[in-house]
Amino acid sequence: MKKTILACLLVAGTAFAQQIIGITSFSSDTVGDFPKGWRNWPGFGDKVHEVYRVKEEGGNKFLSADDSKDYSGQIFRGPAWYIKDHPLVTWRWRAQALPPGANESSGATNDSACGVYIMFSQFRQYGIKYVWSSTLPVGTIHAKIPGKMYFIVLDSGKSNVGKWRSHTVNILEDYKKAFGSEPPSDLQSQGIGILTDGNAVHARAACDYDDFARMKVKTPDAAPATK
Ligand SMILES: [Ca+2]
């Protein structure tokens, strides 16, 4: 009995060291504006400013993406970091409108209400995209460009539409699963990207995003000294 109590105390007292580095929570952005520090591809002009706007709810600011005009404009921001230093990326998102029938495994229907990119090279289209899919099941990994660009389904379908969903992904582990090989030791993310789009199926897509951060993998602290 005494041993059991001691074991419980040790488990309860084990702390986890985890360095969290915020990327953005939109708290310093202006409601109604395009968020500061984000860019888009040349040629899209100000269209993305119609899609991506900061909103506020209950004192919290977040990014709202709402595309009903087939714009399909990706936005992205730094900073870059070495994946081995901070392999975990966390954020939350809330799908508001799923493009009906969208299926990311086919070019003709490749739309996602919510999409977050970790790009190792923006210009080489080398990276991983996490999506809230209209139709594909959670856990689906699909090679959009084999050996270069993969997407992974984190949420699926209508059941959680309108609810915030928090995710923490391990880029090193997901790289191994998707690419089928160990990631290069100097693998860097160029930052994060976002795309909410419904242009393939010509339907509205909408998603809210918030609280992007990167982290080390959790490692238990040394067990507390006991007598
Ligand atoms: Ca926020």
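Here are some questions and answers about how a few features of this predicted model get their labels.

The model is predicted, so to speak of local features a pLDDT of at least 70 is needed, side-chain atom pairs count only at pLDDT 80 or more, and totals for chains, interfaces and linings use all residues. Residues are numbered from 1 along each chain as its sequence is written.

Q: Why is F62 called buried?
A: A residue is buried if 20 or more other C-beta atoms lie within 10 Å of its own, exposed if 12 or fewer, and partly exposed in between, with C-beta atoms placed from the backbone. F62 has 21 other C-beta atoms within 10 Å, so it is buried.

Q: What makes V169 partly exposed?
A: V169 has 18 other C-beta atoms within 10 Å.

Q: Which residues is V169 in contact with, leaving aside neighbours within four places in sequence?
A: L88, V89, Y130 and D174. Take L88: it is 81 residues from V169 in sequence, yet the two are 5.5 Å apart in space, C-alpha to C-alpha. V169 belongs to strand β13, residues 165–170.

Q: How do you know that β10 and β12 pair?
A: Two strands pair if DSSP finds at least two bridges between them. Strand β10 (residues 126–133) and strand β12 (residues 149–156) have seven bridges, in the parallel sense, so they count as a pair. Along this pairing, S133 stands opposite S156 in β12.

Q: What makes β3 and β6 a pair?
A: They have two bridges, in the antiparallel sense, and at least two is what the definition asks for, so they pair. N40 stands opposite I75 in β6.

Q: Why are β3 and β11 called edge strands?
A: The open sheet has seven strands in the order β3-β6-β15-β9-β10-β12-β11, with mixed pairing. β3 (39–40) and β11 are its edge strands, as each pairs on one side only. For β11 (residues 141–145), four bridges join it to β12, and the two run antiparallel.

Notes:
Two residues are in contact if their C-beta atoms, placed from the backbone, lie within 7 Å.
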